[in-house]
Amino acid sequence: MIRYYNGLFGLWMMFRLHGSAAFRALIPSSISVAILLGIFYGGDVLLMPRNDDWLSHPYAIGAMMVAFTFLLTFKNTFSYNRYWEACTVVHQMHSKWLDVGVALSAFHLQSNKFDRVRPAALGEIPHITAALRERERVDETTLESLQKLLDEDDPVDSLRTRFQKRYSKADVQRHPSLSSKLQPVSASADPAVHARLDGGMDKDHPSLFLQELLHLLSLTSAVALSTLRNDVEGVESPLVQYKPGEPWPPVDPDAQDAQIRKDFYNAEHQCCSGLRQTLRFLFGSSRDEKHRTLYNAARPFRVLGGVSDAEVQLLQSARGPYAKVALCSMWLQEFITREHLAGSTGKVAPPIVSRMFQFTSDGMIGYNHARKIAFIPFPFPHAQITAFFILVSMVYIPFLMLSYVNNIAFAAILNFFTVLCFAGLYEVSRELENPFVNVPNDLPLNNFQAQFNEALLVLYAGYHPDAWWQTEQELHHSKHSTTSKTAKEIPSP
């Protein structure tokens, strides 16, 4: 996917070659102009002498123009719909699978494993009958400090570093700026909030249930997305370990790291790889199966917890992309079943847990909708006849221009831009009809996977930081009985 800046009248977009439909349309436009000049200057030699009476009226060619316009409009409309539907179903797929992770993580926090650290429910605090709860901050980011951070070379990294310093590990147990203020309306004691930024979780030793759950969800997503890119049958899916906090994969393939491009292109052609890539795109030779598979291998999908040899071997034994995703889905549902029977989801009722299987199935529905677009091309008969009339227009438009334009230079210019418009729209439809394959106008699946992984990682956060309620008497008692606990002394789940 190409992210662009419009600028003044969109002039900044004019300089992009790779991925441009306009520049790909230059070739048929130039050929059509060459035909026009050949007829004008060499008609006698070609036994096609110029005749101003070829067309007595433009309506003679208008019927074909109208029919061709309908053909082209239809193809563009449905290619555009395929592109947006692909984007929609991938997000729906991730949404449903993330719902599985969020719900199961919430269920897991109600299991016996967390009895020592789980905050009391509001219904378990009878002496708090009512309270007006207000939250305030004492360390807000001002406009001046924000402007200073944005002026730095890497504002995103600066903002992240500043946040991490502000809420360091030393402040995990209690931080005044994050505490909530409770104004009791009618209560037997003044309640207070014991804020814990660790969510009651041991960050150094996270729950094995959560680790395995997030790994299986990340693996299912990575395998699903990798199968949508139409690699050569039997080639191993490019899967590697995800490192939390690493930079987002660029949405524009041309912005990939130099090392990735170096691994993909041959070393002897490294000096001109960008030019070769652009020329291959313009002449339509950059999307054969071998080229596409090698390019995809240089952009692997990253999985939380990495991928084992046994997982890769079993995935390779599954024949076809659909079977690979079905295998991952089975692993996930078997894990949910086993852990629920073992009590890892607490006392949550089975009908509620059954929704997790429904969410998993809904995610598979989204995958199959995406698979429909990835594996079923735009119907051949319509694509063929549209391509045929593009070739026809390259020939008949020169005759139209020579019949009604007396100045040969102006005729050549009009001929060039007329064919450029038709051929450009045709190239747009070709770029959009395969949104998982047509680099660089494909969907940024690597970026989607990275964002899905980061969304899964927040499930380690545990309980809400302000969920621990205490009365003044309990706080007074805790001060005399023990000192403030450090992060290492928080009971491990």
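**Briefing: helices, cores and confidence in a predicted model**

Helix α2, which covers residues 26-42, has 17 residues and reaches 23 Å from its first C-alpha to its last, close to the 24 Å expected at 1.5 Å a residue; the expected span is 1.5 Å times one less than the number of residues. This is a predicted model, in which local features need pLDDT of at least 70 and side-chain atom pairs count only at pLDDT 80 or more, while totals for chains, interfaces and linings use all residues. Residues are numbered from 1 along each chain as its sequence is written, and side-chain values use heavy atoms, with hydrogens and water left out. The secondary structure of the protein chain comes to 16 helices and six strands, where helices (H or I, at least four residues) and strands (E, at least two) are DSSP runs numbered from the N terminus.

**Confidence**

- The protein chain has a mean pLDDT of 78, with 74% of its residues at 70 or more; pLDDT is the predictor's confidence in each residue, from 0 to 100.
- Confidence is highest in helix α11 (residues 321-341), at a mean of 95, and lowest in strand β2 (residues 180-187), at 40.
- Over residues 166-190 pLDDT stays under 50, and the model has 73 contacts beyond four places in sequence for them, a contact being heavy atoms within 4.5 Å.
- Over residues 482-493 pLDDT also stays under 50, with 17 contacts beyond four places in sequence.
- Where pLDDT is low, the predicted coordinates should not be read in detail.

**Helices α2 and α13**

- The buried residues of α2 are Pro28, Ser29, Ser32, Val33, Leu36, Ile39 and Gly42, and they pack against α1 (21-24), α13 and α14 (408-432); buried means under 20% relative accessible area, exposed over 50%, and partly exposed in between, with a 1.4 Å probe and protein chains only.

**Burial and nonpolar cores**

- Of the 493 residues in the protein chain, 43% are buried.
- The largest nonpolar core has 63 residues, and those with the most contacts inside it are Leu104, Leu213, Leu239, Phe436 and Leu443; such a core is a set of buried Ala, Val, Leu, Ile, Met, Phe, Trp, Tyr and Cys residues joined through side-chain atoms within 4.5 Å.
- A second, separate core of 27 residues includes Val33, Phe68, Tyr396 and Leu400.

**Around His215 and Val303**

- His215, found in helix α6, is buried with a relative accessible area of 10%, and beyond four places in sequence it touches Val303, Leu304, Gly305, Gly306 and Glu311.
- Val303 lies in strand β5 and is buried, with a relative accessible area of 0%.
- Not counting residues up to four places away in sequence, the residues that Val303 touches include His215, Leu239 and Asn453.
- The C-alpha atoms of Val303 and Gln449 are separated by 8.4 Å, although these residues are 146 residues apart along the chain.

**Cysteines**

- The count of disulfides comes to zero, under the rule that a disulfide is a pair of cysteine sulfur atoms within 2.5 Å.
- Cys87 counts as buried at 15% relative accessibility, as does Cys328 at 1%.
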